[in-house]
Amino acid sequence: MRAAGLLALALTAPAHAYELDTAFTAPVHEAITMLAADCAHEAGDADPGDVSCESALTDLRARWRQERRRLRRDVGQRTSDIARQVRWPDNPERKHVIGLGLTIVRCPGRMARGKTSLTCESHHGGLQFFHAMASSADEPPEQTREKLLGWLGFLFDVNANAIAPSESVCDAARRTSSQPDFVDAIEASLPCDLTVGALFDHTDVRLVARGALLHAIQDSYSMSHARRSGERPDDFTAISRCEPIREFYEYGSGYQQHHHGRADVFPELAPCDGPVVDVVTASAVAMLLLDDDRDDFLAYVEERILGR
């Protein structure tokens with residue numbers, strides 16, 4: 001039964017790109033999500049702990065190098081109807097790509113003057129956990145982790161209709177979350193009269209919630225978002241590592257702002273030989289667990305995606 005809905009999910013909930021997909025960037029999130037949906041469909045009713053899609057990302061990287069134009073067209077054909085919605089964390093106010101870029105560049109100055117927005121908060125402020133990132137350079141990784149888990153649980157609940165579009169975002173966070181750092185961040189960064197429907201700004205909030213959930217999981221594998229290796233690298237590279245997260249980065253540093261995009265392209269897949277799964281498997285199992293138990297989903301995220 002779980003498998004029967006996965007092809008529909010592939011057409012209604014693929015995520016966005018690490019970067020926004022334009023003629024100059026690769027549709028990384030879209031492609032990862034397509035592969036994950038295919039893998040999840042093939043897995044059927046298998047135990048999520050036994051699902052592995054590890055070979056898919058390597059195949060995709062080779063295909064992207066060899067057949068870039070055709071792959072971009074294939075991605076566009078399969079995701080065009082919903083791609084704008086599942087990019088929501090990158091562009092939560094649904095701006096034109098040029099306007100979005102200008103907004104993000106201006107955010108630090110605006111925020112210094114006491115002016116903010118959802119785009120600024122999610123890229124430079126207290127909501128950077130939307131992208132599996134810390135909200136400040138001195139935020140402990142344990143705190144970022146709790147915010148991210150709170151966010152993923154919140155999105156799971158929206159998708160499960162346990163949170164209504166008409167409910168206040170703050171009320172919903174307080175009612176459903178056991179992560180106080182997440183609740184505090186929501187209350188500090190968003191107006192509490194904002195409803196869930198207004199936050200996602202779409203008639204199908206479940207669709208946007210699924211995309212945002214996959215976005216956060218996939219971003220956690222980007223080396224410019226989080227460190228999964230033993231030591232902080234000298235440079236950001238596009239490698240997806242199957243290791244526990246040791247540190248979350250924040251976007252505010254000058255180095256991040258100038259070099260962040262180096263890792264946000266099709267990644268090379270490092271060998272997986274431990275409990276943490278690769279990014280495609282993580283996305284596939286998230287899809288499989290979205291219609292199951294919330295605690296099982298979050299337990300899998302903690303153990304097999306974020307790692308211990």
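Which residues does K147 touch, not counting residues up to four places away in sequence?

Author: This is a predicted model, in which local features need pLDDT of at least 70 and side-chain atom pairs count only at pLDDT 80 or more, while totals for chains, interfaces and linings use all residues. Residues are numbered from 1 along each chain as its sequence is written, and side-chain values use heavy atoms, with hydrogens and water left out.

With residues up to four places away in sequence set aside, K147 touches F129, S135, E139, D181, F182 and A185; contact here means heavy atoms within 4.5 Å. K147 has a relative accessible area of 7%, so it counts as buried (under 20% relative accessible area; exposed is over 50%, partly exposed in between, with a 1.4 Å probe and protein chains only).

K147 is part of helix α8. Helices are DSSP runs of H or I with at least four residues, strands are runs of E with at least two, and both are numbered from the N terminus.

Helix α8, residues 141-159, packs with helix α15, residues 294-306, at an angle of about 140°, and their axes are 10 Å apart. An axis is a line fitted to C-alpha atoms, for helices over the stretch in contact, and the angle runs from 0 to 180 degrees between N-to-C directions. From α8, the contact residues include L148, L149 and L152; from α15, they include F297, L298 and V301. By class, this contact has nine nonpolar, one polar and four charged residues. Ala, Val, Leu, Ile, Met, Phe, Trp, Tyr, Cys and Pro count as nonpolar, Asp, Glu, Lys and Arg as charged, and the others, Gly among them, as polar.

Elsewhere in the chain there are covalent links. The structure holds four disulfides, each a pair of cysteine sulfur atoms within 2.5 Å. One of them joins C170 to C192, S to S 2.0 Å. C170 lies in helix α9 (residues 169-176) and C192 in the loop between α10 (180-189) and α11 (196-200), so this pair ties together parts 22 residues apart in sequence. C170 is buried at 0% relative accessible area, whereas C192 is partly exposed at 34%. The torsion about their S-S bond is about -80°, so the disulfide is left-handed.

Another disulfide joins C107 to C120, S to S 2.0 Å. C107 is buried, at 0% relative accessibility, and C120 is buried, at 0%.
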